[in-house]
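Student: Could you show me how to read the annotated sites and the helix packing of a model?

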Amino acid sequence: MSKLTVFDHPLIQHKLTIIRQKDTGTKVFREIVDEIASLMAYEVTRTLPVEDVEIETPVAKTVQKQLAGKKLAIVPILRAGLGMVDGMMKLIPAARIGHIGMYRDEETLEPVEYFVKLPEDIEQRDVFVVDPMLATGGSAIMAIDALKKRGATKIKLITLVAAPEGVEAVQAAHADVDIFTAGLDQGLNEHGYIIPGLGDAGDRLFGTH
């Protein structure tokens, strides 16, 4: 079974409270999502391998640590996932960016895939799939399916808020994909929205309705 990590860091929890509020405007919402993504990237990359390297400081030669040539990719689920990319890139600027386009059919609440563009060597990369919301889990499962179909094997799912239903669905479909979230919420309402959630992340990021 994949591992679920819920971040309890005070800064993450404080910032999550700000974006949950309905009167938080688009500009502030976008800035705070960016900040939370950076903080989450710091934690998600904690297990990246390092290696010894000999360097010379202004004072002496020394052996220190550097990342062990790990190839990384950030893959947002469009469109809301775009709001988390820049924040993560601040910490891992060498990561390649892929895109997976999904929209939710309002009748069936099922995801529909319309676009996939990934780095050519995606099978060699540790992949961070980012999407602010993990509701039913349908979009995340389909995005992970699309990645695995193209050879990706090391995948982590990073989300701002998650419903237990979505977590369980992803774990059942992809037991090898660890899930990271800033908030594990109460559940879903009859429309498939997370309660208490933060509304429609895409609309709040881009000022649409």
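Predicted model: local features only at pLDDT ≥ 70, side-chain atom pairs only at ≥ 80, totals over all residues.

Tutor: Residues are numbered from 1 along each chain, and side-chain values use heavy atoms, without hydrogens and water.

Student: Where is Ile 194 placed?

Tutor: Ile 194 lies in strand β13, residues 194–195 (strands are DSSP E runs of at least two residues, helices H or I runs of at least four).

Student: What does another "binding site" annotation cover?

Tutor: The unreviewed entry in UniProt also has a "binding site" annotation whose residues include Arg 79, Arg 104, Asp 131 and Asp 200. Arg 79 sits in the loop between β4 (72–78) and α3 (82–89).

Student: How are two packed helices described?

Tutor: Two packed helices are described by the angle and the distance between their axes. Here the axes of α1 (residues 10–20) and α2 (residues 26–44) come within 10 Å and cross at roughly 155° (lines fitted to C-alpha atoms over the stretch in contact, with angles from 0 to 180 degrees between N-to-C directions). The two helices, α1 and α2, are therefore roughly antiparallel (over 145 degrees).

Student: Which residues of α1 and α2 meet?

Tutor: Among them, Leu 11, Ile 12 and Lys 15 in α1 meet residues of α2 that include Val 28, Phe 29 and Glu 35 (contact means heavy atoms within 4.5 Å).

Technical notes
Parallel < 35°, antiparallel > 145°, perpendicular 65-115°, else oblique. UniProt positions renumbered as here; feature names shortened; annotations may be inferred.
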